[in-house]
Amino acid sequence: MNYTELGKQFIGGDWREGSSEKVLPDINPYNDEVITTFQIASVKDIDEAYKSAHKAKLEWDKVNPYKKRDILEKAVTYIEANEEEITSLIIQELGGTRMKAAFEIGLVKNMIKEAATFPLRMEGKILPSTEDGKENRLYRIPAGVVGVISPFNFPFFLSMKSVAPALGAGNGVVLKPHEDTPITGGTLIGKIFEAAGIPKGLLNVVVTDIKEIGDAFVEHPIPRIISFTGSTQVGSYIGQLAVKNYKKPLLELGGNSAFIILEDADLEYAVQAATFSRFTHQGQICMCANRILVQKSIYEQFLKMFKEKVTTLKVGDPSDPETVIGPVINRRQAETLEKLIAKGIEEGAVPLLHGKITGRMVEPTILIDVNPEMVVAQDELFGPVVCIIPFETEEEAIDIANDTRFGLSGAVHTSNLERGVELAKKVHTGMIHVNDITINDEPIIAFGGEKQSGLGRMNGEWSLDEFTTMKWISVNYGQRKFPY
(Lines give C-alpha, C1' and ligand atoms only; values in the text may rest on other atoms or scores of the structure.)
Protein backbone atom coordinates (compact mmCIF):
# COMPACT_ATOMS: atom_id res chain seq x y z
CA MET A 1 0.00 0.00 0.00
CA ASN A 2 1.39 3.41 -0.98
CA TYR A 3 1.29 5.29 2.31
CA THR A 4 2.80 8.39 0.70
CA GLU A 5 -0.23 8.83 -1.56
CA LEU A 6 -2.66 7.93 1.22
CA GLY A 7 -0.97 10.55 3.42
CA LYS A 8 -2.63 13.37 1.48
CA GLN A 9 -6.01 15.04 1.32
CA PHE A 10 -8.48 13.78 -1.29
CA ILE A 11 -10.37 16.86 -2.46
CA GLY A 12 -12.07 17.42 -5.80
CA GLY A 13 -10.76 14.08 -7.03
CA ASP A 14 -7.13 15.15 -6.51
CA TRP A 15 -4.55 13.95 -3.99
CA ARG A 16 -2.85 16.96 -2.47
CA GLU A 17 -1.49 18.49 0.71
CA GLY A 18 -3.76 20.34 3.09
CA SER A 19 -3.39 24.12 3.10
CA SER A 20 -2.76 24.34 6.86
CA GLU A 21 0.81 24.67 8.08
CA LYS A 22 0.17 22.04 10.77
CA VAL A 23 1.41 18.48 10.37
CA LEU A 24 -0.35 15.39 11.79
CA PRO A 25 1.77 12.27 12.33
CA ASP A 26 -0.03 8.95 11.86
CA ILE A 27 1.44 6.75 14.62
CA ASN A 28 1.41 2.99 15.12
CA PRO A 29 -0.03 2.59 18.66
CA TYR A 30 1.94 -0.59 19.36
CA ASN A 31 5.50 0.54 18.55
CA ASP A 32 5.23 4.34 18.12
CA GLU A 33 6.50 4.17 14.53
CA VAL A 34 5.31 6.99 12.27
CA ILE A 35 3.38 5.44 9.39
CA THR A 36 3.11 8.69 7.46
CA THR A 37 2.41 12.38 8.05
CA PHE A 38 -0.39 14.65 6.87
CA GLN A 39 -0.34 18.34 6.06
CA ILE A 40 -3.76 18.89 7.58
CA ALA A 41 -6.82 20.46 5.97
CA SER A 42 -7.87 24.01 6.75
CA VAL A 43 -11.30 25.67 6.75
CA LYS A 44 -10.60 26.62 3.14
CA ASP A 45 -10.08 22.96 2.26
CA ILE A 46 -13.35 22.03 4.01
CA ASP A 47 -15.17 24.62 1.92
CA GLU A 48 -13.60 23.32 -1.30
CA ALA A 49 -14.46 19.72 -0.40
CA TYR A 50 -18.13 20.49 0.20
CA LYS A 51 -18.39 22.55 -2.99
CA SER A 52 -16.77 19.75 -4.92
CA ALA A 53 -19.19 17.16 -3.54
CA HIS A 54 -22.14 19.43 -4.36
CA LYS A 55 -20.99 19.91 -7.95
CA ALA A 56 -20.14 16.24 -8.55
CA LYS A 57 -23.51 15.17 -7.12
CA LEU A 58 -25.17 16.83 -10.13
CA GLU A 59 -23.08 14.58 -12.39
CA TRP A 60 -23.89 11.53 -10.22
CA ASP A 61 -27.60 12.31 -10.70
CA LYS A 62 -27.20 11.63 -14.43
CA VAL A 63 -25.53 8.23 -14.04
CA ASN A 64 -27.78 5.29 -14.83
CA PRO A 65 -28.79 3.43 -11.62
CA TYR A 66 -27.41 0.15 -12.96
CA LYS A 67 -24.09 1.86 -13.66
CA LYS A 68 -24.08 3.22 -10.11
CA ARG A 69 -24.63 -0.30 -8.82
CA ASP A 70 -21.73 -1.58 -10.92
CA ILE A 71 -19.40 1.14 -9.57
CA LEU A 72 -20.21 0.28 -5.97
CA GLU A 73 -19.69 -3.41 -6.65
CA LYS A 74 -16.26 -2.59 -8.10
CA ALA A 75 -15.36 -1.14 -4.70
CA VAL A 76 -15.85 -4.61 -3.21
CA THR A 77 -13.67 -6.12 -5.93
CA TYR A 78 -10.92 -3.63 -5.12
CA ILE A 79 -11.06 -4.50 -1.42
CA GLU A 80 -10.87 -8.22 -2.18
CA ALA A 81 -7.85 -7.69 -4.41
CA ASN A 82 -6.07 -5.70 -1.67
CA GLU A 83 -7.33 -7.51 1.44
CA GLU A 84 -3.92 -8.47 2.81
CA GLU A 85 -2.63 -4.90 2.53
CA ILE A 86 -5.77 -3.55 4.20
CA THR A 87 -5.35 -6.11 6.99
CA SER A 88 -1.79 -4.93 7.51
CA LEU A 89 -2.96 -1.34 7.65
CA ILE A 90 -5.60 -2.09 10.31
CA ILE A 91 -2.91 -3.82 12.39
CA GLN A 92 -0.44 -0.96 12.00
CA GLU A 93 -2.67 2.09 12.28
CA LEU A 94 -5.07 1.12 15.05
CA GLY A 95 -3.51 -1.88 16.76
CA GLY A 96 -6.19 -4.26 15.54
CA THR A 97 -5.45 -7.98 15.59
CA ARG A 98 -5.65 -10.12 12.44
CA MET A 99 -8.94 -11.54 13.73
CA LYS A 100 -10.33 -8.05 14.21
CA ALA A 101 -9.15 -6.98 10.75
CA ALA A 102 -10.87 -9.95 9.08
CA PHE A 103 -14.06 -9.20 11.02
CA GLU A 104 -14.00 -5.51 10.04
CA ILE A 105 -13.23 -6.14 6.36
CA GLY A 106 -16.10 -8.63 6.18
CA LEU A 107 -18.49 -6.04 7.61
CA VAL A 108 -17.27 -3.46 5.07
CA LYS A 109 -17.80 -5.73 2.07
CA ASN A 110 -21.33 -6.63 3.16
CA MET A 111 -22.18 -2.97 3.75
CA ILE A 112 -21.04 -1.94 0.27
CA LYS A 113 -22.93 -4.85 -1.31
CA GLU A 114 -26.11 -3.66 0.40
CA ALA A 115 -25.46 -0.03 -0.60
CA ALA A 116 -24.99 -1.19 -4.21
CA THR A 117 -28.70 -2.09 -4.27
CA PHE A 118 -29.78 1.44 -3.31
CA PRO A 119 -29.69 2.98 -6.81
CA LEU A 120 -32.32 0.41 -7.86
CA ARG A 121 -34.48 1.07 -4.81
CA MET A 122 -35.13 4.80 -5.27
CA GLU A 123 -38.85 4.14 -5.67
CA GLY A 124 -41.70 6.59 -5.53
CA LYS A 125 -45.46 6.38 -5.04
CA ILE A 126 -48.59 7.68 -6.69
CA LEU A 127 -51.32 8.35 -4.14
CA PRO A 128 -54.91 9.57 -4.48
CA SER A 129 -55.96 13.11 -3.74
CA THR A 130 -58.89 14.67 -1.91
CA GLU A 131 -59.32 16.87 -4.99
CA ASP A 132 -61.00 15.71 -8.19
CA GLY A 133 -58.74 15.35 -11.24
CA LYS A 134 -55.53 15.41 -9.23
CA GLU A 135 -52.85 12.88 -8.33
CA ASN A 136 -50.07 13.01 -5.76
CA ARG A 137 -46.62 11.74 -6.64
CA LEU A 138 -43.94 11.04 -4.06
CA TYR A 139 -40.38 10.87 -5.30
CA ARG A 140 -37.49 9.49 -3.24
CA ILE A 141 -34.51 11.75 -3.94
CA PRO A 142 -30.99 12.11 -2.49
CA ALA A 143 -30.65 14.42 0.49
CA GLY A 144 -27.79 16.25 -1.26
CA VAL A 145 -24.39 16.23 0.42
CA VAL A 146 -23.59 14.26 3.57
CA GLY A 147 -20.84 15.13 6.05
CA VAL A 148 -19.42 12.03 7.78
CA ILE A 149 -17.33 12.12 10.97
CA SER A 150 -15.96 8.70 11.91
CA PRO A 151 -14.23 7.23 15.01
CA PHE A 152 -10.96 5.38 15.63
CA ASN A 153 -12.15 1.98 16.83
CA PHE A 154 -13.64 0.43 13.67
CA PRO A 155 -12.68 3.25 11.30
CA PHE A 156 -12.83 1.33 8.02
CA PHE A 157 -16.31 -0.04 8.72
CA LEU A 158 -17.81 2.89 10.63
CA SER A 159 -16.76 5.32 7.89
CA MET A 160 -18.03 2.99 5.18
CA LYS A 161 -21.29 2.45 7.06
CA SER A 162 -22.26 6.03 6.18
CA VAL A 163 -20.19 6.66 3.05
CA ALA A 164 -21.34 3.69 0.94
CA PRO A 165 -25.10 4.05 1.66
CA ALA A 166 -24.90 7.83 1.15
CA LEU A 167 -23.24 7.35 -2.24
CA GLY A 168 -25.64 4.54 -3.14
CA ALA A 169 -28.59 6.80 -2.35
CA GLY A 170 -27.20 9.40 -4.77
CA ASN A 171 -25.46 11.87 -2.46
CA GLY A 172 -22.11 13.59 -2.49
CA VAL A 173 -19.96 12.97 0.59
CA VAL A 174 -17.25 14.69 2.61
CA LEU A 175 -15.56 12.38 5.11
CA LYS A 176 -13.54 13.51 8.12
CA PRO A 177 -11.84 10.52 9.75
CA HIS A 178 -10.54 10.48 13.32
CA GLU A 179 -7.04 11.95 13.57
CA ASP A 180 -5.71 8.67 15.01
CA THR A 181 -6.92 6.64 12.00
CA PRO A 182 -6.75 8.98 9.01
CA ILE A 183 -5.92 6.30 6.43
CA THR A 184 -8.07 3.33 7.46
CA GLY A 185 -11.04 5.57 8.24
CA GLY A 186 -10.40 8.08 5.48
CA THR A 187 -7.99 8.17 2.59
CA LEU A 188 -8.12 4.40 2.03
CA ILE A 189 -11.86 4.82 1.38
CA GLY A 190 -11.15 7.66 -1.01
CA LYS A 191 -8.72 5.40 -2.88
CA ILE A 192 -11.24 2.53 -3.05
CA PHE A 193 -13.99 4.62 -4.61
CA GLU A 194 -11.58 6.43 -6.90
CA ALA A 195 -10.53 3.02 -8.23
CA ALA A 196 -14.17 1.98 -8.51
CA GLY A 197 -14.89 4.92 -10.81
CA ILE A 198 -17.14 7.40 -9.01
CA PRO A 199 -17.28 10.92 -10.54
CA LYS A 200 -14.34 13.09 -9.64
CA GLY A 201 -15.08 15.09 -6.49
CA LEU A 202 -18.16 13.10 -5.41
CA LEU A 203 -16.32 11.73 -2.35
CA ASN A 204 -13.83 13.96 -0.54
CA VAL A 205 -11.65 13.06 2.45
CA VAL A 206 -10.32 15.79 4.72
CA VAL A 207 -7.78 14.93 7.41
CA THR A 208 -7.64 17.63 10.05
CA ASP A 209 -8.27 18.37 13.72
CA ILE A 210 -10.84 20.44 15.57
CA LYS A 211 -8.29 22.99 16.76
CA GLU A 212 -7.69 23.86 13.10
CA ILE A 213 -11.27 23.92 11.75
CA GLY A 214 -13.48 24.52 14.79
CA ASP A 215 -17.14 23.93 13.90
CA ALA A 216 -16.67 24.57 10.16
CA PHE A 217 -17.28 20.96 9.12
CA VAL A 218 -20.76 20.91 10.68
CA GLU A 219 -21.73 24.56 10.15
CA HIS A 220 -20.92 24.68 6.42
CA PRO A 221 -24.11 25.56 4.49
CA ILE A 222 -23.87 22.75 1.91
CA PRO A 223 -24.31 19.44 3.83
CA ARG A 224 -27.90 18.46 4.62
CA ILE A 225 -26.97 15.56 6.92
CA ILE A 226 -24.18 15.16 9.46
CA SER A 227 -23.47 11.54 10.31
CA PHE A 228 -21.35 11.20 13.45
CA THR A 229 -20.07 8.10 15.21
CA GLY A 230 -18.22 8.61 18.48
CA SER A 231 -18.65 9.59 22.10
CA THR A 232 -21.96 10.71 23.57
CA GLN A 233 -20.44 13.97 24.84
CA VAL A 234 -19.13 15.03 21.43
CA GLY A 235 -22.20 13.65 19.68
CA SER A 236 -24.49 15.79 21.81
CA TYR A 237 -22.59 18.90 20.79
CA ILE A 238 -22.54 17.96 17.10
CA GLY A 239 -26.22 17.07 17.13
CA GLN A 240 -27.17 20.42 18.65
CA LEU A 241 -24.90 22.27 16.23
CA ALA A 242 -26.40 20.43 13.26
CA VAL A 243 -29.98 21.20 14.29
CA LYS A 244 -29.07 24.81 14.97
CA ASN A 245 -27.90 25.00 11.35
CA TYR A 246 -30.97 23.14 10.02
CA LYS A 247 -29.19 19.89 9.21
CA LYS A 248 -30.30 16.40 10.14
CA PRO A 249 -28.00 14.73 12.70
CA LEU A 250 -27.46 10.99 12.47
CA LEU A 251 -25.73 9.91 15.68
CA GLU A 252 -24.24 6.56 16.72
CA LEU A 253 -22.86 7.13 20.20
CA GLY A 254 -21.61 5.37 23.32
CA GLY A 255 -22.89 2.30 25.11
CA ASN A 256 -22.92 0.57 28.47
CA SER A 257 -24.23 -2.82 27.47
CA ALA A 258 -25.46 -5.36 30.01
CA PHE A 259 -24.70 -9.04 29.44
CA ILE A 260 -27.30 -10.91 31.52
CA ILE A 261 -26.73 -14.54 32.51
CA LEU A 262 -29.69 -16.38 34.03
CA GLU A 263 -29.22 -19.43 36.25
CA ASP A 264 -30.43 -21.84 33.54
CA ALA A 265 -27.89 -20.65 30.95
CA ASP A 266 -25.24 -22.86 29.36
CA LEU A 267 -22.49 -21.45 31.57
CA GLU A 268 -19.52 -22.55 29.50
CA TYR A 269 -21.02 -20.97 26.39
CA ALA A 270 -21.97 -17.83 28.32
CA VAL A 271 -18.36 -17.47 29.53
CA GLN A 272 -17.09 -17.68 25.95
CA ALA A 273 -19.68 -15.21 24.67
CA ALA A 274 -19.06 -12.77 27.54
CA THR A 275 -15.31 -12.89 26.94
CA PHE A 276 -15.75 -12.12 23.25
CA SER A 277 -18.33 -9.41 24.05
CA ARG A 278 -15.92 -7.58 26.35
CA PHE A 279 -12.41 -8.07 25.03
CA THR A 280 -12.72 -8.01 21.23
CA HIS A 281 -10.52 -5.19 19.89
CA GLN A 282 -9.38 -4.39 23.44
CA GLY A 283 -12.96 -3.56 24.42
CA GLN A 284 -12.93 -0.53 22.12
CA ILE A 285 -16.37 -1.17 20.63
CA CYS A 286 -19.49 0.78 21.56
CA MET A 287 -21.48 -2.48 21.76
CA CYS A 288 -19.05 -4.21 24.14
CA ALA A 289 -20.40 -5.72 27.37
CA ASN A 290 -19.41 -3.22 30.06
CA ARG A 291 -21.47 -4.95 32.76
CA ILE A 292 -21.92 -8.68 33.19
CA LEU A 293 -24.98 -9.43 35.32
CA VAL A 294 -24.99 -12.95 36.80
CA GLN A 295 -27.76 -14.64 38.81
CA LYS A 296 -26.49 -15.31 42.33
CA SER A 297 -26.94 -19.08 42.27
CA ILE A 298 -24.26 -19.38 39.55
CA TYR A 299 -22.23 -16.26 40.42
CA GLU A 300 -19.24 -17.91 42.12
CA GLN A 301 -19.00 -20.61 39.47
CA PHE A 302 -19.10 -18.00 36.73
CA LEU A 303 -16.35 -15.93 38.37
CA LYS A 304 -14.04 -18.93 38.49
CA MET A 305 -14.67 -19.94 34.88
CA PHE A 306 -14.56 -16.38 33.54
CA LYS A 307 -11.27 -15.54 35.24
CA GLU A 308 -9.71 -18.76 33.93
CA LYS A 309 -10.83 -17.90 30.40
CA VAL A 310 -9.69 -14.26 30.48
CA THR A 311 -6.22 -15.15 31.80
CA THR A 312 -5.66 -17.22 28.63
CA LEU A 313 -6.04 -14.18 26.37
CA LYS A 314 -2.71 -13.23 24.83
CA VAL A 315 -1.81 -9.55 25.16
CA GLY A 316 0.83 -8.05 22.89
CA ASP A 317 1.85 -7.45 19.29
CA PRO A 318 -1.32 -7.24 17.16
CA SER A 319 0.56 -8.60 14.14
CA ASP A 320 0.99 -11.92 15.98
CA PRO A 321 -1.93 -14.18 14.90
CA GLU A 322 -2.16 -15.52 18.48
CA THR A 323 -2.71 -12.08 20.01
CA VAL A 324 -6.23 -11.32 21.21
CA ILE A 325 -5.58 -7.99 22.96
CA GLY A 326 -3.39 -5.37 21.34
CA PRO A 327 -2.83 -1.72 22.33
CA VAL A 328 -5.57 0.82 22.94
CA ILE A 329 -5.50 3.63 20.40
CA ASN A 330 -3.58 6.28 22.38
CA ARG A 331 -2.13 7.12 25.79
CA ARG A 332 -5.12 9.27 26.68
CA GLN A 333 -7.39 6.21 26.45
CA ALA A 334 -5.00 4.17 28.61
CA GLU A 335 -4.79 6.93 31.22
CA THR A 336 -8.59 7.28 31.32
CA LEU A 337 -8.94 3.54 31.93
CA GLU A 338 -6.33 3.65 34.69
CA LYS A 339 -8.25 6.43 36.43
CA LEU A 340 -11.58 4.62 36.09
CA ILE A 341 -10.14 1.41 37.57
CA ALA A 342 -8.64 3.37 40.49
CA LYS A 343 -11.97 5.17 41.04
CA GLY A 344 -13.85 1.86 41.03
CA ILE A 345 -11.51 0.38 43.63
CA GLU A 346 -11.79 3.54 45.71
CA GLU A 347 -15.59 3.17 45.65
CA GLY A 348 -15.38 -0.44 46.84
CA ALA A 349 -14.98 -2.59 43.74
CA VAL A 350 -12.56 -5.51 44.12
CA PRO A 351 -10.23 -6.53 41.28
CA LEU A 352 -10.66 -10.25 40.64
CA LEU A 353 -8.01 -9.69 37.97
CA HIS A 354 -5.95 -6.49 37.91
CA GLY A 355 -4.09 -6.06 34.64
CA LYS A 356 -0.98 -3.92 34.23
CA ILE A 357 -1.05 -0.75 32.16
CA THR A 358 2.18 0.01 30.32
CA GLY A 359 1.98 2.82 27.80
CA ARG A 360 -0.88 1.91 25.46
CA MET A 361 -0.86 -1.76 26.49
CA VAL A 362 -3.74 -2.45 28.88
CA GLU A 363 -4.08 -5.95 30.28
CA PRO A 364 -7.55 -7.26 31.24
CA THR A 365 -9.11 -6.15 34.51
CA ILE A 366 -12.16 -7.80 36.09
CA LEU A 367 -13.95 -5.85 38.83
CA ILE A 368 -16.35 -7.58 41.24
CA ASP A 369 -18.36 -6.38 44.26
CA VAL A 370 -19.58 -3.62 41.96
CA ASN A 371 -22.84 -1.89 42.71
CA PRO A 372 -24.82 -0.16 39.96
CA GLU A 373 -24.17 3.36 41.29
CA MET A 374 -20.37 3.15 40.93
CA VAL A 375 -18.69 5.19 38.21
CA VAL A 376 -17.35 2.00 36.58
CA ALA A 377 -20.93 0.73 36.26
CA GLN A 378 -22.29 4.02 34.92
CA ASP A 379 -19.55 5.14 32.50
CA GLU A 380 -18.56 3.48 29.26
CA LEU A 381 -15.38 1.45 29.81
CA PHE A 382 -13.77 1.76 26.39
CA GLY A 383 -11.06 -0.82 26.98
CA PRO A 384 -10.36 -4.31 28.42
CA VAL A 385 -12.05 -3.63 31.76
CA VAL A 386 -15.32 -5.23 32.88
CA CYS A 387 -17.69 -5.10 35.88
CA ILE A 388 -19.50 -8.18 37.20
CA ILE A 389 -22.70 -7.62 39.17
CA PRO A 390 -24.80 -10.33 40.88
CA PHE A 391 -28.62 -10.27 40.94
CA GLU A 392 -31.37 -12.31 42.62
CA THR A 393 -34.41 -12.01 40.34
CA GLU A 394 -35.16 -11.19 36.70
CA GLU A 395 -36.80 -7.96 37.82
CA GLU A 396 -33.60 -6.92 39.59
CA ALA A 397 -31.55 -7.76 36.49
CA ILE A 398 -33.84 -5.58 34.35
CA ASP A 399 -33.59 -2.69 36.84
CA ILE A 400 -29.78 -2.89 36.86
CA ALA A 401 -29.57 -3.19 33.07
CA ASN A 402 -31.76 -0.10 32.65
CA ASP A 403 -29.90 1.93 35.28
CA THR A 404 -27.79 3.76 32.72
CA ARG A 405 -28.09 6.78 30.48
CA PHE A 406 -27.10 4.58 27.52
CA GLY A 407 -29.17 2.12 25.51
CA LEU A 408 -27.22 0.60 22.64
CA SER A 409 -26.83 -3.18 22.87
CA GLY A 410 -27.09 -6.09 25.29
CA ALA A 411 -27.39 -9.86 25.64
CA VAL A 412 -29.45 -12.37 27.61
CA HIS A 413 -28.33 -15.98 28.17
CA THR A 414 -30.84 -18.66 29.17
CA SER A 415 -31.88 -22.15 28.09
CA ASN A 416 -35.47 -20.88 27.74
CA LEU A 417 -35.43 -18.79 24.56
CA GLU A 418 -38.85 -17.20 25.00
CA ARG A 419 -38.00 -16.32 28.61
CA GLY A 420 -34.93 -14.58 27.20
CA VAL A 421 -36.98 -12.72 24.60
CA GLU A 422 -39.50 -11.51 27.17
CA LEU A 423 -36.68 -10.25 29.40
CA ALA A 424 -34.97 -8.62 26.40
CA LYS A 425 -38.14 -6.67 25.59
CA LYS A 426 -37.93 -4.98 29.00
CA VAL A 427 -34.35 -3.72 28.58
CA HIS A 428 -34.36 -0.16 27.22
CA THR A 429 -31.89 -0.60 24.39
CA GLY A 430 -31.92 -0.36 20.62
CA MET A 431 -30.55 -3.88 20.18
CA ILE A 432 -30.30 -6.94 22.38
CA HIS A 433 -29.41 -10.54 21.59
CA VAL A 434 -30.56 -13.81 23.15
CA ASN A 435 -27.84 -16.47 23.61
CA ASP A 436 -25.39 -14.40 21.59
CA ILE A 437 -22.76 -11.70 21.95
CA THR A 438 -23.46 -7.99 22.42
CA ILE A 439 -21.39 -7.15 19.32
CA ASN A 440 -23.69 -7.58 16.32
CA ASP A 441 -24.08 -5.59 13.11
CA GLU A 442 -25.75 -6.89 9.95
CA PRO A 443 -26.20 -5.01 6.65
CA ILE A 444 -30.00 -5.27 6.40
CA ILE A 445 -31.00 -5.03 10.09
CA ALA A 446 -31.88 -1.75 11.84
CA PHE A 447 -28.91 -0.59 13.92
CA GLY A 448 -29.09 2.19 16.48
CA GLY A 449 -29.48 3.13 20.10
CA GLU A 450 -31.94 4.57 22.57
CA LYS A 451 -31.44 7.31 25.18
CA GLN A 452 -27.91 8.77 24.98
CA SER A 453 -26.67 6.06 22.62
CA GLY A 454 -27.81 7.89 19.52
CA LEU A 455 -30.43 9.13 17.09
CA GLY A 456 -31.59 7.40 13.93
CA ARG A 457 -31.25 3.91 12.49
CA MET A 458 -28.70 2.61 10.02
CA ASN A 459 -28.37 -0.36 7.63
CA GLY A 460 -30.66 -1.61 4.87
CA GLU A 461 -33.91 0.23 4.27
CA TRP A 462 -33.24 2.42 7.32
CA SER A 463 -30.03 3.84 5.82
CA LEU A 464 -31.90 4.40 2.56
CA ASP A 465 -34.50 6.40 4.49
CA GLU A 466 -31.86 8.35 6.42
CA PHE A 467 -29.87 9.44 3.34
CA THR A 468 -32.85 10.37 1.15
CA THR A 469 -35.88 12.60 1.38
CA MET A 470 -39.39 12.34 -0.03
CA LYS A 471 -40.52 15.05 -2.44
CA TRP A 472 -44.23 15.59 -3.10
CA ILE A 473 -45.17 16.66 -6.61
CA SER A 474 -48.88 16.93 -7.31
CA VAL A 475 -50.41 17.01 -10.78
CA ASN A 476 -53.76 18.63 -11.48
CA TYR A 477 -55.26 17.27 -14.71
CA GLY A 478 -58.14 19.74 -14.63
CA GLN A 479 -58.77 23.08 -13.00
CA ARG A 480 -59.66 23.67 -9.39
CA LYS A 481 -62.54 25.93 -8.39
CA PHE A 482 -61.60 28.64 -5.95
CA PRO A 483 -63.93 30.39 -3.46
CA TYR A 484 -62.79 33.85 -4.54
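Helices here are DSSP runs of H or I with at least four residues, strands are runs of E with at least two, and both are numbered from the N terminus. One thing to keep in mind for every panel: this is a predicted model.

View 1. Asn459 sits in the loop that links β21 (454-455) to α17 (460-466). Its phi is positive, about 85 degrees, even though Asn459 is not a glycine. Most residues other than glycine have a negative phi. Is Asn459 buried or exposed? With a relative accessibility of 0%, Asn459 counts as buried, because the cut-off for buried is under 20%.

**View 2. Asp369, another positive phi in a loop.** Here the backbone to check is that of Asp369, a non-glycine residue whose phi is positive, near 55 degrees. Asp369 belongs to the loop between β17 (365-368) and α14 (375-378). Its relative accessible area is 46%, so Asp369 is partly exposed.

View 3. An unreviewed UniProt entry lists Glu252 under "active site". In the model, Glu252 is part of strand β11 (residues 248-252). Its relative accessibility is 10%, so Glu252 counts as buried. Which residues does Glu252 touch, leaving out those up to four places away in sequence? They are Leu158, Phe228, Thr229, Gly230, Cys286, Leu408, Phe447 and Ser453.

**View 4. Helices α5 and α6, side by side.** The axes of α5 (residues 98-115) and α6 (residues 155-168) come within 9 Å of each other and cross at roughly 5 degrees. That angle makes α5 roughly parallel to α6, since angles under 35 degrees count that way. On the α5 side, the contact uses Lys100, Glu104, Ile105, Leu107, Val108, Met111, Ile112 and Ala115. They meet Pro155, Phe156, Phe157, Met160, Lys161, Ala164, Pro165 and Gly168 of α6. Sorted by class, this contact has twelve nonpolar, one polar and three charged residues.

**View 5. Helices α4 and α7, packed at an angle.** Helix α4 (residues 83-94) packs with helix α7 (residues 183-196) at about 145 degrees, and the axes are 11 Å apart. From α4 come Ile86, Leu89, Ile90, Glu93 and Leu94, while α7 brings Ile183, Thr184 and Leu188. Six residues of this contact are nonpolar, one is polar and one is charged.

**View 6. The nonpolar cores.** The largest nonpolar core has 97 residues, and Phe156, Phe193, Ile261, Ile292, Phe302, Phe306 and Ile388 have the most contacts inside it. Helix α6 supplies the largest share of this core, eight residues. A second, separate core has 29 residues, including Val328, Ala349, Ala377 and Phe391. If you zoom in on Phe193, you'll find it touching Leu72, Ala75, Met160, Val163, Ala164, Leu167, Ile198 and Leu203, not counting residues up to four places away in sequence.

View 7. Glu268 lies in helix α11 (residues 267-279). Its relative accessible area is 51%, so Glu268 is exposed. How many residues separate Glu268 from Asp61 in sequence? The answer is 207, and in space their C-alpha atoms are 54 Å apart.

Terms used. Residues numbered from 1 in each chain as written. Predicted model: local features only at pLDDT ≥ 70, side-chain atom pairs only at ≥ 80, totals over all residues. Heavy atoms only, no water. Axes fitted to C-alpha atoms, helices over the stretch in contact; angles between N-to-C directions. Parallel < 35°, antiparallel > 145°, perpendicular 65-115°, else oblique. Contact = heavy atoms within 4.5 Å. Nonpolar A, V, L, I, M, F, W, Y, C, P; charged D, E, K, R; others polar. UniProt positions renumbered as here; feature names shortened; annotations may be inferred. Buried < 20%, exposed > 50% of the residue type's maximum accessible area, 1.4 Å probe, protein only. Core = buried A, V, L, I, M, F, W, Y, C linked by side-chain atoms within 4.5 Å.
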